[in-house]
Amino acid sequence: MAEPVFAVHGPIARDDLPGLCDRVCRVFAESSAVELFCDVRSVAPDAVTVDALARLQLAAHRNGRKVRLQNASCELLELVEFMALDDVLRA
């Protein structure tokens, strides 16, 4: 069975964060997959995006799962590393 892919589209506002976490929890509830690939090709490389992705990872962790970034831009990966979250948010 293929791992599920969850797409996040931008721009992301702080008000979007609870809904994003709810969506990822629903995807995990509907799947037995341990990892969820999060397609982030259309999000801006900014602090709100990194915050949202970190919260998604936290929600996944609380459910015994992991989120892996897919199609992340170099800029987003550099920002994740700059914010010292590269051990949490992996591509």
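**Close-up views of a predicted model**

**View 1. The lining of the largest pocket divides into two nonpolar, two polar and six charged residues.** Here Ala, Val, Leu, Ile, Met, Phe, Trp, Tyr, Cys and Pro count as nonpolar, Asp, Glu, Lys and Arg as charged, and the others, Gly among them, as polar. This is a predicted model, where local features need pLDDT of at least 70, side-chain atom pairs count only at pLDDT 80 or more, and totals for chains, interfaces and linings use all residues. Residues are numbered from 1 along each chain as its sequence is written, and side-chain values use heavy atoms, leaving out hydrogens and water.

Look for Glu 35, Gln 57, His 61, Arg 65, Lys 66, Val 67, Arg 68, Asp 87, Val 88 and Arg 90 around the pocket. Two or more lining residues come from each of α2 (47–62) and β3 (66–70), and β3 gives the largest share, three residues. Helices (H or I, at least four residues) and strands (E, at least two) are DSSP runs, numbered from the N terminus. A pocket is an open set of points on a 1 Å grid over the protein atoms alone, where a 1.4 Å probe fits, with protein on both sides within 12 Å along at least five of seven lines; lining residues have an atom within 4 Å of a point.

**View 2. Helices α1 and α2 cross at roughly 35 degrees, their axes coming within 9 Å.** Axes are lines fitted to C-alpha atoms over the stretch in contact, with angles from 0 to 180 degrees between N-to-C directions. From α1, the contact (heavy atoms within 4.5 Å) takes in Leu 17, Leu 20, Cys 21, Val 24, Cys 25 and Phe 28. Asp 51, Ala 52, Arg 55, Leu 56, Ala 59 and Ala 60 meet them from α2. By class, that makes ten nonpolar, no polar and two charged residues.

**View 3. A cis peptide bond joins Gly 10 and Pro 11, with omega about 0 degrees.** Gly 10 sits in the loop between β1 (5–9) and α1 (17–29), and Pro 11 lies in the loop between β1 and α1 as well. Beyond its neighbours within four places in sequence, Gly 10 touches Ser 42 and Val 43. Gly 10 is partly exposed at 34% relative accessible area (buried is under 20%, exposed over 50%, partly exposed in between; 1.4 Å probe, protein chains only).

**View 4. Asn 71 has a positive phi of about 60 degrees although it is not a glycine.** Find Asn 71 in the loop between β3 and α3 (74–82), where it is partly exposed at 38% relative accessibility.
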